[in-house]
Amino acid sequence: MKKTKRTRSERTEARSPVSLSITALPFVAEREQGRPNYWAVEPVDETPRKQIEAQRVGAKYAAQCAQWLKANPDLVGMGTLGWIAADIDFEDPDRTGYWIGFFSCVEQFLFDTATGT
């Protein structure tokens with residue numbers, strides 16, 4: 001059976017009419033004013049065990065973000081990953097595991113897409 005590609009408008013029409021706010025993602029938090037905080041994660045200590053667990057959680061967050069994008073295709077290409085990266089403090093050792101896991105998972109998604117796996 002031959003697989004056919006659907007156009008963007010066909011994908012938009014076929015999706016569920018219910019779309020969740022980005023604040024439904026567990027790592028995004030509302031602020032009193034302005035835009036949400038796109039990387040609101042709890043600190044963990046720097047022990048290897050805690051950092052490995054944070055990496056697992058970060059990968060889970062990436063998978064949830066991918067599902068959120070799938071449910072909101074009109075927002076794909078609008079800079080969501082940039083908003084997330086802008087709110088990450090890459091020098092905070094208590095949150096390093098999360099972003100390593102998040103971006104490692106995103107990297108795997110990109111590789112899988114590029115190689116057709």
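Is Arg95 buried, exposed or partly exposed? At 24% relative accessibility, Arg95 counts as partly exposed, where buried means under 20% relative accessible area, exposed means over 50%, and partly exposed lies in between (1.4 Å probe, protein chains only).

**Before you start**

This is a predicted model, in which local features need pLDDT of at least 70 and side-chain atom pairs count only at pLDDT 80 or more, while totals for chains, interfaces and linings use all residues. Residues are numbered from 1 along each chain as its sequence is written, and side-chain values use heavy atoms, with hydrogens and water left out.

**The whole chain**

Show the chain as a cartoon and you will find four helices and zero strands, running α-α-α-α from the N terminus on; helices (H or I, at least four residues) and strands (E, at least two) are DSSP runs, numbered from the N terminus. Now colour by pLDDT, the predictor's confidence in each residue, from 0 to 100: the chain averages 88, and 84% of the residues score at least 70. Select residues 8-17, over which pLDDT stays under 50 and for which the model has ten contacts beyond four places in sequence, a contact being heavy atoms within 4.5 Å. Where pLDDT is low, the predicted coordinates should not be read in detail.

Of the 117 residues of the chain, 26% count as buried. Among contacts with a separation of 6 or more, 68% are between residues 24 or more positions apart.

**The nonpolar core**

Next, select Phe27, Trp39, Tyr61, Ile84, Tyr98 and Phe102, which touch the most other members of the largest nonpolar core, a group of 19 residues. Such a core is a set of buried Ala, Val, Leu, Ile, Met, Phe, Trp, Tyr and Cys residues joined through side-chain atoms within 4.5 Å. The elements that give two or more residues to this core are α2 (48-71) and α4 (96-115), and its largest share, five residues, comes from α2. In soluble globular proteins, nonpolar side chains tend to be buried together.

Centre the view on Phe27 and, leaving aside residues up to four places away in sequence, look for the residues it touches, including Trp39, Tyr61, Cys65, Ile84 and Phe102.

Then move to Tyr98 in helix α4, which counts as buried because its relative accessibility is 8%. Beyond four places in sequence, Tyr98 touches Trp39, Val41 and Tyr61, among others, and also Ala54, Val57 and Gly58. Draw a distance from Tyr98 to Glu53 to see two residues that are 45 apart in sequence and 8.4 Å apart in space, C-alpha to C-alpha.

**A buried glutamine**

Select Gln51, which lies in helix α2 and is buried, with a relative accessible area of 12%. Not counting residues up to four places away in sequence, the residues touched by Gln51 are Val44, Asp45, Glu46, Pro93, Asp94, Thr96 and Gly97.

**The salt bridges**

A salt bridge is a side-chain nitrogen of Lys or Arg within 4 Å of a carboxyl oxygen of Asp or Glu, and by this rule the count comes to four.

Begin with Arg35 and Asp87, whose side chains meet at 2.7 Å, N to O. This pair links distant parts of the chain, with Arg35 in the loop between α1 (8-14) and α2 and Asp87 in helix α3, 52 residues apart. Arg35 counts as partly exposed at 37% relative accessibility, whereas Asp87 counts as buried at 17%.

Within helix α2, select Glu53 and Arg56, which lie three residues apart, about one turn of the helix, and whose side chains meet in a salt bridge of 3.4 Å, N to O. Glu53 counts as partly exposed at 40% relative accessibility, and Arg56 is exposed, with a relative accessible area of 54%.

Return now to Arg95, which forms a salt bridge with Asp92, the closest N and O atoms being 2.5 Å apart. Asp92 counts as buried, because its relative accessibility is 13%.

**Last stop: the helix α3 tryptophan**

Finally, select Trp83, which is found in helix α3 (residues 80-87) and counts as partly exposed at 35% relative accessibility.
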